[in-house]
Amino acid sequence: MNGIMHLPSRRSSVWMYLLFVLLDCYLEAVSGQLSYSVSEEVNLGTSVGNIAKDLNLNVQDLESRMFQIVDGSKRKYFEVNLKTGVLYVNERIDREELCGDEPRCSLSVEAVINNPLKLYRIEIIILDVNDNSPSFLSASYLMNISENTAAGAKFPLHPAHDADVGKNTVNTYKLSQNEHFSLDTQKGESVNPELLLQKVLDREKQPVIRLTLTAIDGGTPAKSGTMTIIINVLDINDNAPLFSKTLYKASVYENVKIGTSIITLNATDLDAGQNGQVFYSFSEVGRGKQTDLFAIDEKTGTVTNKKNINFEDNNNFEIRVQASDGASSPQTSHAKLLIEVLDVNDNAPEISVTSLLNTVKEDASIGTAIALVSVFDKDGGKNGMVHSKISNNVPFKLESNYKNYYSLVVDGPLDRESVSQYNISITATDEGSPSLSSTSVIHVHISDVNDNKPLFTESIINVYVKENSPVGAVIKRVSAIDADIDQNGQMSYSFLPDNSNSLPLSTMVNINSETGDIISLQSFNYEELKTFQFKVQATDSGVPPLSSNVTVNVFILDENDNNPAILAPYSEHGSVNSESIPYSAEAGYFVAKIRAVDADSGYNALLSYHLSEPKGNNLFRIGTSSGEIRTKRRMSDNDLKTHPLVVLVSDNGEPSLSATVSIDVVVVESTADIQTQFRHVPVKEESFSDLNLYLLIAIVSVSVIFLLSLISLIAVKCHRTDSFSRYSAPMITTHPDGSWSYSKATQQYDVCFSSDTMKSDMVVFPAQFPPVDGELISINGGDTFTRTQTLPSKEKVRT
């Protein structure tokens, strides 16, 4: 049977149209809900209505927007075809099982659709079909009626019960043909049959009368049930007991102790003796399950409960009671007892949760719905009024949809790195006295999104590597941390391309993308490369990926790998050089100056000069730092005419490297002899040629350039700021007393002069890397030196 939607456009008949219009207006006034109707016992899959069309929803969006029917009961009677939008029957529907004797039976379900979240309430009215026949409590009913009962007396009969409602319930009764009784019916909420005595009975003629009572319902086709009435005609007992009231009312709280007195009935009989004794009992007419809960004292008429009374099962009872006398043929009278059950707050609210999302992303926007919460309290009145709230401090809240239905939504920013799971405690409290409450805990897991980029612990990394270190050595391991997890926290390392860097970085170093190990691809030479810089980038595996970078400064540390080199005019070891001095030379006479250079820097380039003489010869000395050879004393007749000297030039490295040069010092008689040694050079006496002019111009130009360079260097030194002091180069300066000092205090070129008046040389020391905390060498006039050095303290040197 197709469902009928209560809309004005669908018409079947005038009265049904008016009924549906009134019902539709009522529902819209209350909650704006959709209303359908469907008959009970229809086949599974029967269409109820096109819910997508009636809610103005696009059928193609139902599946992607997770359209679903949420039913609070254990059985899901209805479901939606997401392809067509049709609401259909999913379970067998028995109206009598769902609603019992209620005249109106309906099921309320909720339709939920996401993106955005919308909640629709749908009421489905279950229409009764005539699938139950009327039935009596027993197949026969025995009655005792005195023969002197006057015509017109009425005797109530047990009504038939039909599980159907409305027109399908019991509508009429019929009594079999007889001469003494007719049937009278009392119509109210139900049709109650009564026997009406039309002709006085005569026991002597007919002591037993058998009648058949037929109950007929109003269904199409009609169904019926029968009961046999057996009437025993009794001898005369002319006074029946009389109740003080025809209707008794009483009230009792649910859950009272068994045996609690509820009410005491009172009936009197004017007869005397045995015929005047009154006995109380529940009438067989209308006797049902309610009489199993109660008992009546046959002598006192006190009604008590013999089982527990539950308001939620039944909140009122209607019981027929009777009073009979003690005659052999007792007469009876009847009354009605109404018992109202008063509610006690004995049921805590029940919380039902339907999850919409398994996990919630940490970037979920405020208002995102994650679950539907419904609260139900079986109690009535104030005891059934419930207030719900979240009892702990979480970034979620309950939004009321209607009555006791809520949506659990996000109410604040979420951060998985701070809290990865929330235990949301929802507490429902009724308004009873004392109030009852219940708590339900919802576990919400927060899923990760890539919202944290990798971070390095340092903004700049300084790496110190000794020159000549082996290829393939790990010079530094860089590492970054990422607060995200799983794929979002997996990082890879790479070099950040830099177009401004002219060095072939790819041939110098490599980086392990997984561990961050920086590996040298070549052996570095301090004399060729002192420092270089690059950037390392850490990138996570999120979508989209996030990254950060760090600057790496690599400083090459000098090693003592270069021997001193002797400068012209003297050659190194293997050939003999010659110098002459006069016999009259005084102590301190200047003989020669040995000059040497070292390609290394720092201590490794600090040279010292030593003199090797034949044993017992103490005529000459050499300046340890200047390389000047001078006489120690005047000549004597015992001295040799030729003195072979070997000069050893050593650097200050560890281990020290050296070079030697041999000089033969020849003693001549006079200064004139020294000069004649140079006269053997032939001199071509010619007029002033063009070549001489070019040489003169070249000498003057070099002199001018030298003076300009010297002035520029002095100016730079005077205006140098302290900001460059950290990366300063070694410096050697000459003091007024002739001593030298060596330090790494400024980054500049310094000019050094010998204190000798006869010969002067200039040595230019270049700027050096890497920076160190402090280093100083002082050379005094006695040709001795002291050294103080502090190596870098913040970074381990890579070898």
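Biologist: Which residue meets Glu 350 in a salt bridge?
Modeller: The side chain of Lys 378 does, with an N to O distance of 4.0 Å. Please keep in mind that the model is predicted.

Biologist: Where do Glu 350 and Lys 378 lie?
Modeller: Glu 350 belongs to strand 25, residues 350-355, whereas Lys 378 sits in the loop between strand 27 (369-376) and strand 28 (386-390). The pair therefore ties together parts that are 28 residues apart in sequence.

Biologist: What does Lys 397 form with Asp 411?
Modeller: Lys 397 and Asp 411 form a salt bridge, and their closest N and O atoms are 3.8 Å apart. Lys 397 is in strand 29 (residues 396-402) and Asp 411 is in the loop between strand 30 (405-410) and strand 31, so this pair ties together parts 14 residues apart in sequence. Lys 397 is partly exposed at 33% relative accessibility, and Asp 411 is partly exposed at 37%.

Biologist: Which residue pairs with Arg 416 in a salt bridge?
Modeller: Asp 448 is the partner, and the side chains meet at 3.1 Å, N to O. This pair links distant parts of the chain: Arg 416 is in the loop between strand 30 and strand 31, and Asp 448 is in the loop between strand 32 (437-447) and strand 33 (455-456), 32 residues apart.

Biologist: Are Arg 416 and Asp 448 buried or exposed?
Modeller: Both Arg 416 and Asp 448 are buried.

Biologist: Which residues do salt bridges with shared partners join into one network?
Modeller: Glu 41, Arg 92 and Asp 94 are joined in that way. As for the total, the structure holds 23 salt bridges.

Biologist: Back to strand 31. Where does Thr 427 lie, and what does its side chain contact?
Modeller: Thr 427 is in strand 31, which covers residues 421-430. Its side chain makes a polar contact of 3.3 Å with the side chain of Thr 439.

Biologist: Why does Thr 427 count as buried?
Modeller: Thr 427 counts as buried because its relative accessibility is 13%, and the cut-off for buried is under 20%.

Biologist: What does Thr 427 touch, leaving out residues up to four places away in sequence?
Modeller: Thr 427 touches His 387, Ser 388, Lys 389 and Ser 391, and also Ser 437, Ser 438 and Thr 439.

Biologist: New topic: how many disulfides are there?
Modeller: The structure holds one disulfide. Cys 99 and Cys 105 are joined by a disulfide with an S to S distance of 1.9 Å.

Biologist: What is its handedness, and are the two cysteines buried or exposed?
Modeller: The torsion about the S-S bond of Cys 99 and Cys 105 is about 60°, so the disulfide is right-handed. Cys 99 is buried with a relative accessible area of 18%, and Cys 105 is buried at 1% relative accessibility.

Biologist: How do strand 14 and strand 15 pair?
Modeller: Strand 14 (residues 208-217) and strand 15 (residues 224-234) pair in the antiparallel sense over nine bridges. Ala 215 has Gly 225 in strand 15 as its bridge partner.

Biologist: Which strands are joined to strand 48 by bridges?
Modeller: Strand 44 (residues 590-593) runs antiparallel to strand 48, and three bridges join the two. There, Ala 592 has Ile 629 as its bridge partner. Strand 47 (residues 620-622) also pairs with strand 48 in the antiparallel sense over three bridges, and the bridge partner of Arg 621 is Arg 630.

Biologist: Which residue takes a positive phi in the hairpin of strand 47 and strand 48?
Modeller: Gly 627 does, with phi near 75°, and the hairpin has five residues between the strands.

Terms used. Residues are numbered from 1 along each chain as its sequence is written. This is a predicted model: local features need pLDDT of at least 70, side-chain atom pairs count only at pLDDT 80 or more; totals for chains, interfaces and linings use all residues. Side-chain values use heavy atoms; hydrogens and water are left out. Helices (H or I, at least four residues) and strands (E, at least two) are DSSP runs, numbered from the N terminus. Buried means under 20% relative accessible area, exposed over 50%, partly exposed in between (1.4 Å probe, protein chains only). A polar contact is a pair of N or O atoms within 3.5 Å; within protein, one must be able to donate a hydrogen and the other to accept it, and residues adjacent in sequence count only if both atoms are side-chain atoms. Contact means heavy atoms within 4.5 Å. Two strands pair if DSSP finds at least two bridges between them. A disulfide is a pair of cysteine sulfur atoms within 2.5 Å.
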